[in-house]
Each structure stands twice: as C-alpha cells, then as structure tokens.
Amino acid sequence: MLKRTIRRAAIPVILLLTVSVTGCGTKPTTNNDPTNASTPAPVTTPTVKPSVTPSPTPAETKINVYYADTQMTKLVEKQATLTNVTDTDKYKTALVKLQTVPDASVVSLFKGVNILSAQLKDGLVTVDVSIVDTGRLGAPGEAFLLDALKKTLFQFSEVKTIELLVDGKKTETLMGHMDIPHPIKR
C-alpha cells in the first residue's frame, strides 16, 4: 500500500518535470537542420553603440591689427584672434580689436573712435565711425590711424575698397588733418 501511495504522489511530479523539460510554451524554431531540431536558433541582440557628437570647436581667424608705438613714431603690428565671428560681423570685430591694447608696448589709435558699423557689399566695406573729442589726434596720429584701418581691412582678400563715414556722412578729413578719398582703394 505504501508503494501505491508513492506512485500516486510521484505521477504529478513526473508529469510536471516532463512538461518543463520538453519546453512547453516555447516557440517553434525555424532551424531547418533535422539533426539539430531541438536546439533553438541563437538569438542575437543588436549592439547599440552610443553616438559620440564631437564638441564644436570655435572657429578662429588670425588677423594682424595695428597700433602705434608708445612714442607715436611708427605703426606696430600685433596678431589677434577673431573667434566665432560671422562674415557680416568680422570687419567690425576686426576694427574693434584696434581699440584693445594687447600689451604696454603699444597704444591704440582707435581709443576715442566708436565703430558704429562695418559692412561689406560688392568688395566695398562701408565703415561708419563716431569720434569723441578725446579721441582726436594730431596729423601724424591721424595718418597712422588711417594706415592702421587700411592695413587691417585690406588683409581680407574680398575687401577691394573702403568707404569711411563719420556719423553716417562722407567727410573731407577724419580729424581735420588728412584728406580721405572716397572710397579708399587698395
């Protein structure tokens, strides 16, 4: 009688094991190899590689800008960098660089000159400035300022001529000393 009870208890366990071993509930494989029909096809998961976006590097343009030496006897060339400047802003930005002194060996000729605008159209850069009274220079200083302006802008190959305006108007001179041609040619 004990054997009969063990058999009755063992039958559900054996059925349960048989069902779980045979893979009840698994999907049929599409493996066409009859010798290996019970082996499921390998499952491949796509590998996702993280996309690496390079960080944008600032667009830099090296230019030469011109200052006077401390005795105001000659022009001194210094290098400056224009960073992330659009084509429409690069001429005004280059002129603004003339206002900032990089070191004590030079002085800015544009210290009292406000750059109102500088725009290129068909090879002509129209520069509009305003000059405060403290920014006015003598004849040699005005000549250096005009040379610094020309050298700075003419280093851009697309600039063929410069129209220099004072407060939006063509004037004969910038500060009363040097004649300004309209336009200034390369």
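Predicted model: local features only at pLDDT ≥ 70, side-chain atom pairs only at ≥ 80, totals over all residues.

Q: Which residues of helix H2 are buried?
A: Lys 90, Tyr 91, Ala 94 and Leu 95. Buried means under 20% relative accessible area, exposed over 50%, partly exposed in between (1.4 Å probe, protein chains only). Helices (H or I, at least four residues) and strands (E, at least two) are DSSP runs, numbered from the N terminus.

Q: And what covers them?
A: The cover includes strands S1, S2, S4 and S5 plus helix H3.

Q: OK, the sheet. What's the strand order?
A: S2-S1-S3, an open sheet with antiparallel pairing; strands pair if DSSP finds at least two bridges between them. S2 and S3 are at the edges with a single partner strand each, so one side of each has no neighbour in the sheet.

Q: How many bridges join S1 to S3?
A: 2. Ala 68 stands opposite Val 107 in S3.

Q: Switching to Glu 77: where is that?
A: In strand S2. Glu 77 counts as partly exposed because its relative accessibility is 48%.

Q: What does Glu 77 touch?
A: Leaving out residues up to four places away in sequence, Asn 64, Val 65 and Tyr 66, with contact meaning heavy atoms within 4.5 Å. The C-alpha atoms of Glu 77 and Asn 64 are 6.3 Å apart.

How values were computed
Residues numbered from 1 in each chain as written. Heavy atoms only, no water.
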